[in-house]
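Take a first look at the chain shown here. Keep the sequence beside the 3D view as you read.

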Amino acid sequence: MKRIAVFASGNGSNFQAIINAVKRGELNASITLLVSDKPGAYVIDRAMKEEIPTFVFAAKNYPEKAEYEKEILMHLDKNKIDLIVLAGYMRLVGDTLLQAYAGKIINIHPSLLPSFPGKDAIGQAIEAGVEQTGITIHYVDAGMDTGPVIAQESITLTEEDTRESVQEKIQALEHQLYPKVIQQLLHKAEAFH
């Protein structure tokens with residue numbers, strides 16, 4: 001069974017959706033590690049409840065990104081991770097991890113990339129007055145939300161929509177699509193072995 005590590009910085013609703021998909025048998029994988037850069041983030045409570053090992057760090061305690069990424073790498077290697085899944089991880093991934101896990105790091109972003117990369121994509125979309133936004137699942141590269149797109153799904157914005165209602169629609173879409181795409185990628189990887 002393929003082993004995944006989830007990286008998250010916040011509430012962890014996508015992390016929970018992935019756990020639920022595993023429990024329902026829709027995702028044939030083992031969530032072997034949670035990595036979080038925010039001590040005290042709610043996602044850590046979710047991991048503890050499910051007895052998923054965690055590595056939690058504060059970037060400010062390291063002189064540079066390469067230092068904490070080396071430590072993350074140790075945990076990934078120890079847990080024999082096949083795929084890294086970013087789920088609301090609010091840091092750019094550096095060379096240390098990109099080189100070690102080339103083509104094996106994916107992210108979910110709440111917009112139809114290349115539109116609205118970076119922080120507050122939902123706010124950016126509303127501000128721009130677009131009729132459609134959505135979600136993108138993509139491979140991670142050195143840029144900010146610039147890696148090759150794996151899957152996208154859109155939602156239509158209405159005049160009644162608020163930031164909260166758009167966020168709810170986006171999250172509902174994320175929670176359906178992310179586990180499916182992870183399953184497809186792992187299945188594809190199996191086929192090559």
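## The model

This is a predicted model: local features need pLDDT of at least 70, side-chain atom pairs count only at pLDDT 80 or more, and totals for chains, interfaces and linings use all residues. Residues are numbered from 1 along each chain as its sequence is written, and side-chain values use heavy atoms, without hydrogens and water.

Helices (H or I, at least four residues) and strands (E, at least two) are DSSP runs, numbered from the N terminus.

Ile182 touches Ile4, Ile18, Leu27, Leu83, Val85 and Ile106, leaving aside residues up to four places away in sequence. Touching, or contact, means heavy atoms within 4.5 Å.

## Annotated binding site

An unreviewed UniProt entry places the feature "binding site" at Lys65, Met90, Arg91, Leu92, Val93 and Asn107. Such annotations may be inferred rather than shown by experiment; feature names are shortened, and positions use the numbering used here.

Met90 sits in the loop between strand E4 (83-86) and helix H4 (95-100). Val93 is also in the loop between E4 and H4. Val93 is buried, at 5% relative accessible area, because buried means under 20% (1.4 Å probe, protein chains only), against over 50% for exposed and in between for partly exposed.
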